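Hi,

Here is the structure I said I would pass on.

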Amino acid sequence: MKVLNLRCAHGHGFEGWFGSDSEFETQRDGGQVECPLCGDKAIVKGLSAPRLNLGAGREALPAEVQPQLPPQQTPEARWMRAVREVLARTEDVGDRFAREARRMHHGEVEERGIRGQATPEETAALLEEGIAVLPLPLPPALKETLQ
């Protein structure tokens with residue numbers, strides 16, 4: 001298994017796991033590899049350091065002795081985590097978003113967190129009516145279950 005450092009044309013960096021370099025190239029050329037942040041399919045392979053298993057014969061330190069370093073996350077990873085949190089805490093109302101937002105604003109239904117699709121015109125109309133909305137473009141990878 002090869003872990004490759006990948007980058008899209010917009011500069012977003014991410015990892016990809018492939019059986020070989022040729023498998024990566026086949027999948028990339030077939031349009032199956034895309035940026036998890038923006039969905040761009042213009043992906044290039046970055047430099048990757050090989051993994052050397054030099055300590056195979058050594059015993060591992062007990063868990064309480066091993067150093068615990070705080071995880072370092074890229075801005076992209078933090079953004080993806082925040083978007084996943086929003087997805088987990090809101091109801092997807094699809095193209096009924098503007099209608100549902102108005103119904104909540106006018107007290108016709110109980111307020112709740114919703115997300116969905118609205119045209120730029122619908123969004124502008126909601127804002128003019130004093131209904132707070134926030135456009136949140138979702139990368140295609142978040143619209144499906146990630147493995």
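**Aromatic pair and what surrounds it**

The count of aromatic pairs in this model comes to 1, where rings of Phe, Tyr and Trp (its six-membered ring) pair if their centres lie within 6.5 Å, and planes under 30 degrees apart count as stacked, over 60 as edge-to-face and the rest as tilted. The pair is Phe 18 with Phe 24, edge-to-face, at 5.2 Å centre to centre and 70° between the planes. Both of these Phe residues are buried (buried means under 20% relative accessible area, exposed over 50%, partly exposed in between, with a 1.4 Å probe and protein chains only).

Before you go further: this is a predicted model, so local features need pLDDT of at least 70 and side-chain atom pairs count only at pLDDT 80 or more, while totals for chains, interfaces and linings use all residues. Residues are numbered from 1 along each chain as its sequence is written, and side-chain values use heavy atoms, with hydrogens and water left out.

Now the overall layout. The protein has 4 helices and 5 strands, taken as DSSP runs numbered from the N terminus (helices are H or I, at least four residues; strands are E, at least two). Along the sequence the pattern reads β-β-α-β-α-β-α-β-α. Of its 147 residues, 23% count as buried. The accessible surface is about 11000 Å², with 52% of that belonging to carbon and sulfur atoms (Shrake-Rupley method, 1.4 Å probe; for residues, only the protein chains shown count as cover).

Leaving aside neighbours within four places in sequence, Ile 43 is in contact (heavy atoms within 4.5 Å) with Leu 6, Cys 8, Phe 14, Phe 24 and Val 33, among others.

The β1 and β2 strands run antiparallel, joined by 6 bridges (two strands pair if DSSP finds at least two bridges between them). Val 3 has Trp 17 of β2 as its bridge partner. The hairpin has 4 residues between the strands, and Gly 11 takes a positive phi near 90° there. On β2, Phe 14, Gly 16 and Phe 18 make up the covered face, and Gly 13, Glu 15 and Trp 17 the uncovered one.

Ser 22, in helix α1 (residues 21-29), is partly exposed at 47% relative accessible area. Its side chain makes a 3.0 Å polar contact with that of Ser 20 (a pair of N or O atoms within 3.5 Å; within protein, one must be able to donate a hydrogen and the other to accept it, and residues adjacent in sequence count only if both atoms are side-chain atoms). Thr 90 lies in the loop between α2 (75-89) and β4 (91-94). The Thr 90 side chain reaches the backbone oxygen of Val 86 at 2.7 Å and the side chain of Arg 115 at 2.8 Å.

Cheers
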